[in-house]
Amino acid sequence: MPGEQSLTTDHPLDRERAHLAASRSALRAMRADVEALDIKDVTANWVNAEVLQRDMDARIKALADLAHTPLFFGRLDYLEGQAAHAEAAEPEAAEEEEHRFYIGRRHVHDADGDPMVIDWRAPVSQPFYRASRKDPQDVALRRRFGYTGGDLTAYEDEHLTDPSEAQTSSKLLQQEIERPRVGPMRDIVATIQPEQDEIVRAGIGGTVCVQGAPGTGKTAVGLHRVAYLLYAHRERLARTGTLVIGPNASFLHYIEQVLPALGELSVKQATVDDLVAHVPVRGADSAAAAQVKGDARMAEVLRRAVRSGIRMPTEPVVVVRGSRRWRVPAYALEELVRELMDRDIRYGAAREALPQRIAHAVLVQMEAAGEAPDDRVQDAVARNAAVKAAVKEAWPPVDPAKTVLRLLSEPEFLARCAEGLLTEEEQKQVLWAKPARGIASAKWSAADTVLIDEAHDLVHRTGSLGHVVLDEAQDLSPMQYRAVGRRCSTGSATVLGDLAQGTTPWATATWEEALAHLGKPGSQVEELTQGFRVPLEVIAYASRLLPAIAPGLTEATSVRDNPGAFSVTEVPARELTDAVVTACREALEREGSTGLIAADARVPALAEALGAAGLTYLSPGEETTPDVRLTLVPASLAKGLEYDYVVLDEPAAVVDGEPDERTGLRRLYVSLTRAVSGLAVLHSAPLPEALR
């Protein structure tokens, strides 16, 4: 039976504390060694010196000893046969006493180079997450450590090969999962479950899609997967780059400390809007217009628009060099243009190739006349004024933003490009009521910037990263998926989301459809249904909405023993705001963070009431502190966030704030599932039928 030990007089605990102290000392020595390096004599020039110094600074930062972050959280004692195999798989994992390995967030070695802590991503660490009594993987003992602040205060043992020891749930694991949330999102490296670890350690060669119910840890799994891939494929990803894409700035701020805590400092973060920010967004679309603009059919509309200016040559090109004149007839020019059109390469690449093709035709004539032109002559012919004029006439330059501006402003142009693709009604929906005079004065919407990004890629290929993590993917339109897919066209992706939480008019219907738009058809889809964050009663209550919002999904379950604090209270309309303030005050009497979630339209009134009651509150994205633990959250920004206690104001208002009932119920589902320890629902209007 797993036994938890916490007495300070316990000798094993004292020995573990001694190992922790020695490991911290070794980490400080590792950092000091890097700081003491003198690079003056090993760099050939100032550029090399700058690069090396930047790498050293990053290494020094990665070796920081965070006082309140445990240096190791577990220990594996292998049976003797497995230890030798483990050392072969992980050369750095030298044998310690009784084939013992301490598992932590980063590798730490002593002055002789022997490991004191093994990185959680190393092969030898994998059984810490996956070993079980049915499959012990040659692990004799798995030990979990409990910490208070940065102090080691307890441990818990599992003897996986001892048949006399009964199997029970880990109290330390439960305590870590239920530890109060204050500040930004933290890593789950100490509590990764077997089904999560399989996703984290999946190979870099393919794209993985994770359908995760609320509280299943899909976001944390995605971030830990990035950390694992950077460990396993560091040189490759250092060249090609990694990117985490989130739904909004508040969400990115909330998760931004997870990877640095795992020692990874180079991963960039962005929203989809950041990726496509070619023009400033100053306008907004109706739901109908945004849905058409986000439809995959717009990709072909844009392709036609970009290529609409191509013209077949009607005049020959005459190149004068010295006393000779070289003539390329119109039919030959037309053949070159049609050949480039048929190849369907990027518009800009074809435009760059055309003058070289014309120059080559001239060089063939020169060689037939007995001359011996070289590459310099071909380049000179390609730059000839007559050739440049012919290229401009046949394959004119294209400005992506101007092309989209014309599509949205000129009904005739849109009709030509959208023929057979968009109906007349759909064309009317996307056309601007008042055409803009130019790019600078146009009131571009978020959907318009995605169209411009598509047009950019049609002209010049978008650069690809090595790996992209896309979170809350269920809310993306097909055109947004295409924009993300361009950023990992030669790399791989981790796609995270929950179809039941799709709250846009164009929300994803199936992951197979989404992956096709992303350019990764046939990719692996994994489903996480075991919840670790949301209490049992809360997830059961919220799941009553699933038949109406996502009938095909498996209902989530909670593995937590604690059912959580849960209440639904009806109050008269005139007393609702005061009752909500009182509920917030009661929640703040408990340890941890509190989120007050309300329909966007109710936020100003609640903000005024909180201020009048003397309750200081934060906005989403602002970091909670021990002194300020209350956040006022518009329902539209609640996705991806979590709080120890949630007070939910007027569910009917959350539903009514959306353009249709299904989207409103999905928004309510999101709001109901943000709680870690307790949920209080207060309402005056009738609850949705499924929750009555």
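One cut-off before we start: a residue is called buried when its relative accessible area is under 20%. Keep in mind, too, that what you have on screen is a predicted model.

Select W120 first. Its relative accessibility is 0%, so W120 counts as buried. How are the rings of W120 and Y129 arranged? Their centres are 6.5 Å apart and the planes make an angle of 85 degrees, so this is an edge-to-face pair.

Leave those two on and bring in F73 and F128. Ring pairs tie F73, W120, F128 and Y129 together into a cluster. Across the whole structure, a search turns up ten aromatic pairs.

Another of these pairs is our next stop: select Y347 and W395. Here the ring centres are 5.4 Å apart with the planes at 40 degrees, so the pair is tilted. It joins distant parts of the chain, 48 residues apart: Y347 is in helix α15 (residues 347-368), while W395 is in the loop between α17 (385-394) and α18 (400-409). Both Y347 and W395 are buried.

Stay with rings, but look for charges over them. Pick R406 and F413: R406 lies over the face of F413, at 3.7 Å from the ring centre. Then jump to R143 and Y155, where R143 sits over the ring face of Y155, 4.0 Å from its centre.

Next, go to strand β5 (residues 115-119) and click on M116. Is M116 buried or exposed? With a relative accessible area of 13%, M116 is buried. Show L27 too: M116 and L27 are 89 residues apart in sequence, yet their C-alpha atoms are 9.5 Å apart in space.

To find it, select M185, G217, A220, R533 and E642, the closest to its centre of the 27 residues that line it. Then colour α5 (171-178), α7 (218-232) and α9 (249-255), the elements that each give two or more residues to the lining of the largest cavity. Which element gives the largest share of that lining? It's α7, with three residues.

Key: Residues are numbered from 1 along each chain as its sequence is written. This is a predicted model: local features need pLDDT of at least 70, side-chain atom pairs count only at pLDDT 80 or more; totals for chains, interfaces and linings use all residues. Side-chain values use heavy atoms; hydrogens and water are left out. On a 1 Å grid over the protein atoms alone, a cavity is a set of points where a 1.4 Å probe fits but cannot get out, and a pocket is an open set with protein on both sides within 12 Å along at least five of seven lines; lining residues have an atom within 4 Å of a point. Helices (H or I, at least four residues) and strands (E, at least two) are DSSP runs, numbered from the N terminus. Buried means under 20% relative accessible area, exposed over 50%, partly exposed in between (1.4 Å probe, protein chains only). Rings of Phe, Tyr and Trp (its six-membered ring) pair if their centres lie within 6.5 Å; planes under 30 degrees apart count as stacked, over 60 as edge-to-face and the rest as tilted. A charge sits over a ring if NZ of Lys or CZ of Arg is within 6 Å of the ring centre and within 35 degrees of the ring normal.
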